[in-house]
Amino acid sequence: MPEPKLNAELLKKDFPLLERTVRGGKQLVYLDSGATSQKPRVVLDAERDFYENHNAAAHRGAHQLAEEATEAFENARAVVAQFIGAHSREVVFTKSATESINLVAYSLSSADSPIQWSPGDEVLLTEMEHHANLIPWQEMAKRTGAILRFIPVTDEGLLDLTNINTLIGERTRILSFTHASNVLGTTNPVRLLADLAHSVGAVVVLDACQSVPHEAIDVVALGVDLMTFSGHKMLGPTGVGVLWGRFDLLESMPPFLTGGSMIEVVTLESATYSLPPKRFEAGVPNMAQAVGLAAAVKYLTSVGMDAVAQHEVDLVTKAISGLEALPGVRILGPAGPRGGAVSFLVDGIHPHDVGQVLDDDGVAVRVGHHCAWPLMRRFGVAATTRATFYLYNTEDDVRALIAGVERAQRFFGSAS
Amino acid sequence: MNLEKMYQEIILDHYKHPQQKKLAPLDSGAVEVHHVNPTCGDEVTLRARVVDGVVVSVTWDGLGCSISQASTSVMAGLAQGASLHHSLALAAQFLSLMQSKGVTTEADEVLEDGLAFAGVALYPARVKCALLGWMALKDAISREPGELNE
Ligand SMILES: Cc1ncc(COP(=O)(O)O)c(C=O)c1O
């Protein structure tokens, strides 16, 4: 049964911050959810409730509060696992997607890694990666002598798969790529790439930061080995991210951060480690944030992820056609089907200046290189203006964006 | 309203008609520096030549927003022909203007067209745009000719 359309006007009321005004009384129009999303009251309440009623160190102590904190944390894990079609024991709570990718890159290149590295082994990435899925691999390459290779991006903003059969080969040990581009809005063919990489025995890592918040995800159907995303981009708190991994793979991986909570037996000389996910959760965990993330997941589920996705498709389609109708405005990235990031250039006006005029109207967009500097270089631009959408954005928000861009053109006298 | 406060006519003029935005040949007496703003990717290449304590030439090329480009243009006009000492003083004064939260003092008058950037100081995210060219100048005239950038 198709889910009913969501009512963004109504949902917006659940987000206290979206009620505020900025820059001298302008109603805020928040179009920067790709950077971080706003939080509904239920998430804020869940975090507060944890601190007010259940706060204690999870997995430590035998008092009642410790039991309640442990239960709240483990329930949060179960909720997140169910959201992506996974098993609880495969869900690791980290600080962020950035930490998750660092964890993977470090673990898979340390002495006890299930991958044994030889000089000339390759890690395959793409030209459209966020710095978070690039720099950890650069550091890893320094440690292992691995060679980084990159799937190129076409002018249209799609992965160029022309030479994929030479890019993925005998030497490929890891393929790591983004599900949806945070700049171009491109949605990548995950299953196809994962299957190709598996045919040569490579481990497949997916950066799902820009997909899990916006569409229904079944991690098993995607066919990857490891997947990561951040809580704060999906209505959850900052300070909590997720690493999902196939259990047998996680079980073969050595820890990244070490210390309390992740051990079995410790002597002065050595230690043995817990099974995943605890092996990767050293220290007192981010319990309140995990609980907040679970509340966000429940909120998203109650709205319905298919309804969220459809709503965003509607908004993005309107935004693109509205922007393209303005002379001198060019959209970067594919026409469709695509994800929710809309990056654009306005002839004769630097993105910073476009963003400043929009900001003056209360419209918050992102300007700059979006932590994807190599991709900017690929398109020969220093920066773009980027609007990103979420379930609380309305058609009025899209209209405000387009009106703001028109105003920037008038202000800088560049409208032709 | 706010917008006009930030983008003064003088700034837009310098943006559309930048001064000395054409690199002079890099001969032995000149110093070249390249500065980048890592949060936005704006960049400036600047060549300066100092003879007997005087900044005899400042030329530049760059990519960036109106604020960074206009500010670099104003800087180039002010620094060229000024003593090394005065150029450094101007750079310090401009930095202090950027930290002023928009309140100018008499001391800022030496900045001439640079005074127009007072409104930029109200926008913390744009302050580094305005400073890009000035930081490049300071760097360039503090080096010996032939000293390598980076
Ligand atoms: C595609 C992509 N990957 C990774 C990240 C990093 O996420 P975080 O900063 O939450 O660790 C982001 C966030 O900007 C992103 O958009």
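Which strand pairs with strand 16 of chain A, in which sense, and over how many bridges? Let's keep that in mind, and hello, everyone.

First, some ground rules. This is a predicted model, where local features need pLDDT of at least 70, side-chain atom pairs count only at pLDDT 80 or more, and totals for chains, interfaces and linings use all residues. Residues are numbered from 1 along each chain as its sequence is written, chains are lettered from A and ligands numbered from 1 in the order in which they are written, and side-chain values use heavy atoms, with hydrogens and water left out.

Back to the opening question. Strand 16 of chain A pairs with strand 17, residues 384–388, in the antiparallel sense over three bridges. By pairing I mean that DSSP finds at least two bridges between two strands. Strands themselves are DSSP runs of E, at least two residues, and helices are runs of H or I, at least four residues, both numbered from the N terminus. To pick out one position, A:Arg366 has A:Arg386 in strand 17 as its bridge partner.

Those two strands belong to an open antiparallel sheet of four strands in chain A, in the order 13-14-17-16. Its edges are strand 13 (329–332) and strand 16 (366–368), each pairing on one side only. Neighbouring strands here are turned by 30 degrees against each other on average, direction ignored. For angles, axes are lines fitted to C-alpha atoms, for helices over the stretch in contact, and values run from 0 to 180 degrees between N-to-C directions.

Now look at helix 12 of chain A, residues 351–360. This helix lies across strand 14 (341–346), strand 16 and strand 17, at about 45 degrees to strand 17. Contact, by the way, means heavy atoms within 4.5 Å. Helix 12 is mostly covered, with nine of its ten residues buried. Buried means under 20% relative accessible area, exposed means over 50%, and partly exposed is in between, using a 1.4 Å probe and protein chains only. Among the buried residues are A:His352, A:Asp353 and A:Leu358. Just after the helix, A:Gly362 takes a positive phi of about 90 degrees.

Please hold on to A:Asp353, as it takes us to chain B. A:Asp353 forms a salt bridge with B:Arg126, the closest N and O atoms being 3.0 Å apart. The pair crosses between chains, from helix 12 of chain A to helix 5 (residues 124–141) of chain B. Both A:Asp353 and B:Arg126 are buried. The rule for a salt bridge is a side-chain nitrogen of Lys or Arg within 4 Å of a carboxyl oxygen of Asp or Glu. That rule finds one salt bridge across this interface.

How many residues are in contact there? On the chain B side there are 23, and on the chain A side 17. Together the chains bury about 1600 Å², 58% of it on carbon and sulfur atoms. That area is the accessible area, with a 1.4 Å probe, that two parts lose on being put together, summed over both.

While we are in chain B, there is a hairpin to see. Strand 2 (residues 43–51) and strand 3 (residues 54–63) run antiparallel and are joined by nine bridges. B:Ala48 stands opposite B:Val58 of strand 3. The hairpin has two residues between its strands, and B:Asp52 takes a positive phi near 50 degrees.

Last, back to charges. Over all chains, the count comes to 26 salt bridges. One of them joins A:Asp396 to A:Arg399, with the closest N and O atoms 2.8 Å apart. Both lie in helix 14 (residues 395–411) of chain A, three residues apart, about one turn of the helix. Shared partners join A:Lys318, A:Glu395, A:Asp396 and A:Arg399 into one network.
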